Amino acid sequence: MEKLSLLNPHKLYFLKIQKKKARMERKNLDESNLCKKRLRVCVATCNRADYSKLAPIMFGLKAHPDEFDLEVVVLGSHLIDDYGNTFRLIEQDNFDIGSKLHTIVRGEDEAAMVESVGLALVKLPDVLQRLRPDVLVVHGDRFDALALATAAALMNIRILHLEGGEVSGTIDDSIRHAISKLAHYHACCTRIAEQHLIAMCEDHSRILLAGCPSYDKLLLSQHKGDYMDIIRSWLGDKVQEGEYIVALQHPVTTDIQHSIKIYGLMLDALLSFNKFTLILFPNIDAGSKEMVRVMRKKGIEQHPNFRAVKHIPFEQFIQLVSHAGCVIGNSSCGVREAGAFGTPVINLGTRQTGRETGENVLHVRDADSHNKIYHALELQFGKRYPCSKIYGDGNAVPRILKFLHSIDLNEPLQKTFCFPPVKDPISQDIDHILETQSALAIDLGGTNLRVAIICMRGNILKKYSQPNPHTFEDRMSLLLKMCKETMRDAVSLNCRILGVGVSTGGRVNPQEGVVLHSTKLIQEWSSVDLRTPISDALHLPVWVDNDGNCATLAERKFGHGKGVENFVTVITGTGIGGGIIQHNELVHGSTFCAAELGHIVVSLDGPECSCGSHGCIEAFASGTALQKEAKRLHDEDLLKVEGMDMKLSEPITAVHLISAAKMGNSKADTVLNKASTALALGIINILHIVNPTLVILSGVLASFYQAPVQQVISERALVSTQSTRVVASNLEEPALLGAASMVLDYATRRTY
């Protein structure tokens with residue numbers, strides 16, 4: 001207080017204002033953090049079919065009011081009398097409908113569908129602007145859903161698309177895939193659908209393999225005891241379980257006339273088959289009006305064996321499908337939900353071509369005659385098949401809720417696509433023409449610290465080397481000094497340095513640019529952030545990785561691995577290391593220790609390894625291990641043979657062991673055979689795990705090991721891998737070249 005009293009009144013007032021402002025900022029921050037806890041999710045439903053998939057998610061969101069704020073928008077055929085005014089089902093489920101949008105232009109033809117999309121696009125912006133959802137949940141492949149996704153994408157609203165990646169063989173495919181491209185997140189039903197989305201260049205980290213949400217409800221309600229009451233309420237008291245047919249056929253908008261013909265043939269076959277049939281009206285797609293005319297012309301609504309309905313609540317529909325003698329038509333319900341009950345299905349036409357199905361589905365794709373459909377009814381009616389869970393296991397909703405909760409609203413809204421590698425574009429920028437695009441490559445070895453300028457073609461334009469200091473401070477000081485000097489030289493060489501790549505021993509987190517812990521060869525080299533100080537000093541992007549991974553990247557860009565999708569590099573030097581390329585990607589592993597190939601155990605009682613274990617490849621086949629054996633033989637006076645040149649002052653190395661073996665020393669030969677076999681057995685294990693097409697041996701011992709390793713593989717590997725080629729690297733500086741490749745591939749927008 002004494003200090004404050006010395007200040008003049010203006011300064012005291014200023015301090016009070018500052019404190020008040022700080023309190024307000026803290027309060028606003030607390031309020032914003034509280035708001036972040038509730039994700040505002042808008043679920044938009046267009047028709048009876050998509051509500052059956054969305055309702056379980058809506059119930060899940062509603063059950064977690066502390067995490068989610070649910071908004072419901074209803075549009076499309078939900079609001080049409082002829083289709084049952086199915087929005088009432090949503091109200092009966094106690095959901096508050098935030099907006100009802102009349103978006104259907106009647107006409108049931110192609111033009112009406114287009115006009116309906118346009119009308120939806122006119123009305124949706126006001127609704128979305130008012131609701132301001134964090135995420136919009138859109139289902140499937142309907143034209144209404146396309147309007148929803150288009151509006152949300154243009155209004156910078158994140159989109160979660162359900163059931164993307166599936167294939168059904170009609171215009172629905174084009175709409176479904178278009179929505180997937182607009183969507184930021186995906187919850188798909190099957191593994192194949194997931195692979196389709198990945199093939200469409202969608203980000204794998206934003207794809208959830210959830211299963212179908214409707215399976216959560218139908219698998220629970222499958223064994224309800226009131227199913228006979230439901231059957232009788234829709235088909236009459238005389239109908240028994242398994243003695244009726246459920247028919248549901250929709251128009252195919254790409255071939256309306258043919259789908260109308262198939263519909264007529266199906267009705268004729270059902271009339272001839274003479275079984276009780278529950279037939280649902282077709283959906284609102286173009287051609288539906290003509291199909292209804294065909295049904296009425298044949299007197300289906302008045303026929304005693306038929307009950308024609310516009311809508312059935314999903315829970316009751318599930319029971320009717322579950323206990324039917326057969327389902328016929330081209331609805332996705334036949335190939336999806338019916339399989340969960342083992343109900344026999346006859347799928348007519350091409351509307352579901354490409355869908356994954358269980359053995360319960362009999363396809364009549366060329367349904368061009370009454371007799372063909374009738375024969376299919378004879379084959380399928382009354383059968384029972386094993387239950388299939390291709391589309392879900394009943395746990396989709398918890399997965400989707402967890403996925404929604406994981407969405408980071410602070411991430412950039414602009415979605416990115418994971419395109420496959422492409423050829424380097426030819427740039428017309430004058431700087432690119434006049435200057436040589438290059439990388440600054442650093443190799444932090446146990447003995448030397450090396451820096452080089454390397455161009456796109458892998459040519460080392462200039463290289464610098466200094467002894468690697470023993471302390472962290474001295475090492476970083478020398479490293480930054482060498483980098484700055486190299487940058488000055490790059491100007492005189494007319495090189496544009498695109499970035500810095502660092503190759504270092506030990507376990508590295510390449511995402512953060514941190515050396516987690518290093519080998520014994522590099523002291524004081526654990527938990528070291530290399531990226532930040534180098535980037536701050538040079539004002540360039542920096543990439544860091546393990547030296548084994550860098551050697552593998554060098555092979556992929558400049559060596560034997562160029563153009564090879566799957567290969568393994570094994571480094572045979574002081575230690576044993578390497579890297580794995582799988583589907584053109586470098587494998588790092590969950591804790592960044594993938595491809596520690598030197599520590600594959602090939603003998604339970606083998607020699608002790610530097611890692612503390614026993615019987616590792618490195619304990620048999622590394623340069624250190626061979627040097628140890630050479631010294632042992634030398635000490636026992638068993639190394640030198642007649643004609644072998646050995647100076648007394650010369651240190652014993654692996655080279656002496658190899659020379660002795662070549663000159664007929666059986667002891668040395670035995671040691672090398674054991675080392676070669678151990679290395680080959682480790683590589684065989686790799687072949688049997690990742691199945692590469694090529695093995696590249698790198699390092700000072702590569703040329704010696706190549707032939708014996710190839711021989712052991714041809715004798716002891718599985719037949720399917722015995723032909724795998726083993727080659728010795730022809731790269732002179734793999735660590736530096738690999739460090740450069742990280743920069744050059746990233747800077748030219750290729751995959752690393």
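Trainee: Why does aspartate 547 count as partly exposed?

Mentor: Its relative accessibility is 33%. Buried means under 20% relative accessible area and exposed means over 50%, with partly exposed in between (1.4 Å probe, protein chains only). A value of 33% falls between those limits, so aspartate 547 is partly exposed. Do keep in mind that this is a predicted model, with residues numbered from 1 along each chain as its sequence is written. Local features need pLDDT of at least 70 and side-chain atom pairs count only at pLDDT 80 or more, while totals for chains, interfaces and linings use all residues; side-chain values use heavy atoms, with hydrogens and water left out.

Trainee: What does UniProt place at Asp547?

Mentor: The feature "active site", from an unreviewed entry. UniProt positions follow the numbering used here, feature names are shortened, and annotations may be inferred rather than shown by experiment. In the model, aspartate 547 lies in helix α20 (residues 547-558). A helix here is a DSSP run of H or I with at least four residues, a strand is a run of E with at least two, and both are numbered from the N terminus.

Trainee: Which residues does aspartate 547 touch, not counting those up to four places away in sequence?

Mentor: Ser503, Thr504, Gly505 and Ile571. Contact means heavy atoms within 4.5 Å.

Trainee: Which residues does UniProt list for "binding site"?

Mentor: His599, Cys609, Cys611 and Cys616, again from an unreviewed entry. They are spread over 18 residues of sequence, yet they cluster in space, with a largest C-alpha distance of 8.8 Å.

Trainee: What is the order of the strands in the open sheet?

Mentor: The 7 strands run β3-β2-β1-β4-β5-β6-β7, with parallel pairing. β3 (97-101) and β7 (207-209) stand at the edges because each has a single partner strand, which leaves one side of each without a neighbour in the sheet. From one strand to the next, the twist averages 20 degrees.

Trainee: How do you know that β1 and β2 pair?

Mentor: Two strands pair if DSSP finds at least two bridges between them. Strand β1 (residues 39-45) and strand β2 (residues 68-75) have 7 bridges, in the parallel sense, so they qualify as a pair. One of the bridges joins valine 41 to leucine 70 in β2. Helix α3 (residues 48-62) packs on the sheet, touching β1, β2, β4 (135-139) and β5 (158-162), and its direction makes about 160 degrees with that of β1. Such angles run from 0 to 180 degrees between N-to-C directions, using axes fitted to C-alpha atoms, for helices over the stretch in contact. Helix α6 (residues 143-154) lies across β1, β2, β4 and β5, at about 160 degrees to β4.

Trainee: What covers the case for both faces of strand β6 being called covered?

Mentor: In strand β6 (residues 185-188), Tyr185 and Ala187 on one side and His186 and Cys188 on the other are all buried. In a regular strand, side chains alternate between the two faces of the sheet. As for partners, β6 pairs with β5 over 3 bridges in the parallel sense, and histidine 161 stands opposite histidine 186. β6 and β7 also pair in the parallel sense over 3 bridges, with alanine 187 opposite leucine 208 in β7. Between them, the chain crosses through helix α8 (residues 191-199), and this β-α-β crossover is right-handed: with the strands pointing away from the viewer, the path from the first strand over the helix to the second runs clockwise.

Trainee: Where does pLDDT stay under 50?

Mentor: Over residues 1-7, for which the model has 4 contacts beyond four places in sequence. pLDDT is the predictor's confidence in each residue, from 0 to 100. Where it is low, the predicted coordinates should not be read in detail. The protein averages 87, and 90% of the residues score at least 70.
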